[in-house]
Amino acid sequence: MEQMIIDMNNIQNKLILVVEDEEFNRIYFEELLNQIHCNVLVANNGLEAIDICQKNDKIDLVLMDIKMPLMDGYQATKEIKKIRPNLPIIAQTAFALLGDKNKSLENGCDDYIAKPVKKDVLIQLIRKHLA
């Protein structure tokens, strides 16, 4: 139990950018991240995500939806990595097909999570990249 408290403290007050075009999913991520005391920024598409990352160097981690309008998550990840190569980006997609994880990693994402996202799995991934 004590280890869990220490780990949670490592991610409290971190700034996480949620890139998600679906309102229900966006609200879910915001609620979940607020429960673990993270601060949340939101982008509705890849272009917005790039713009936010250019203007805010305080972002600690990005949760990147892959299938979005205007610019998909893969292209947005590539552009963000040009600006902030060490910024952890976790791909999240509802289209969890065999090979999606590899495709996400090949396109610059640091990790991958399939929707529907399980709270415990997401927290574990965030800790892995921020602790």
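What percentage of the 131 residues in the protein do buried residues make up? The answer is 46%. Keep in mind as we go that this is a predicted model.

Let us begin with the overall layout. The protein has six helices and five strands, and from the N terminus on they run α-β-α-β-α-β-α-β-α-β-α. Its C-alpha trace spans about 45 × 35 × 25 Å along the principal axes. A compact globule with 131 residues would have a radius of gyration near 14 Å, and the protein agrees because its own value is 14 Å.

How far can we trust what we see? The mean pLDDT of the protein is 89, and 90% of the residues reach 70 or more. Confidence is highest in strand E1, at 98, and lowest in helix H1 (residues 2-11), where the mean is 54. Over residues 1-6 the pLDDT is below 50, and beyond near neighbours in sequence this stretch has one contact in the model. Where pLDDT is low, the predicted coordinates should not be read in detail.

Now to the inside. In soluble globular proteins, nonpolar side chains tend to be buried together. Here the largest nonpolar core has 22 residues, and those with the most contacts inside it are Leu 17, Val 19, Ile 59, Val 62, Met 64 and Ile 80. Strand E1 (15-19), helix H3 (46-55), strand E3 (61-65), helix H4 (73-83) and strand E4 each give two or more residues to this core. The most comes from H3, with four residues. Apart from this core lies another, of 18 residues, among them Leu 32, Leu 61, Val 117 and Leu 130.

Not counting residues up to four places away in sequence, Val 19 touches a list of residues including Ala 43, Ala 49, Val 62, Met 64 and Gln 92.

Next, find Phe 29 in helix H2 (residues 23-35). Is Phe 29 buried or exposed? Phe 29 counts as buried because its relative accessible area is 2%, whereas Tyr 28, at 32%, is partly exposed. One aromatic pair is counted in the model. Tyr 28 and Phe 29 form this pair edge-to-face, with 5.9 Å centre to centre and 65 degrees between the planes. Leaving aside neighbours within four places in sequence, Phe 29 is in contact with Val 18, Glu 20, Leu 63, Gln 92, Val 117 and Leu 122. Phe 29 and Lys 119 are 90 residues apart in sequence, yet their C-alpha atoms are 9.2 Å apart in space.

Lys 119 brings us to helix H6 (residues 119-130), whose 12 residues reach 16 Å from first C-alpha to last, close to the 16 Å expected. In H6, Leu 122, Ile 123, Leu 125, Ile 126, Arg 127 and Leu 130 are buried. An α-helix has 3.6 residues a turn, so residues three or four places apart point the same way.

Our last stop is Thr 93, in strand E4 (residues 89-93). Thr 93 counts as buried because its relative accessibility is 4%. Beyond its neighbours within four places in sequence, Thr 93 is in contact with Asp 65, Ile 66, Asp 100, Tyr 112, Ile 113, Ala 114 and Lys 115.

Conventions
Residues are numbered from 1 along each chain as its sequence is written. This is a predicted model: local features need pLDDT of at least 70, side-chain atom pairs count only at pLDDT 80 or more; totals for chains, interfaces and linings use all residues. Side-chain values use heavy atoms; hydrogens and water are left out. Rings of Phe, Tyr and Trp (its six-membered ring) pair if their centres lie within 6.5 Å; planes under 30 degrees apart count as stacked, over 60 as edge-to-face and the rest as tilted. Buried means under 20% relative accessible area, exposed over 50%, partly exposed in between (1.4 Å probe, protein chains only). Contact means heavy atoms within 4.5 Å. A nonpolar core is a set of buried Ala, Val, Leu, Ile, Met, Phe, Trp, Tyr and Cys residues joined through side-chain atoms within 4.5 Å. The expected span of a helix is 1.5 Å times one less than its number of residues. pLDDT is the predictor's confidence in each residue, from 0 to 100. The radius of gyration is taken over C-alpha atoms; the globule rule is 2.2 Å times the number of residues to the power 0.38.
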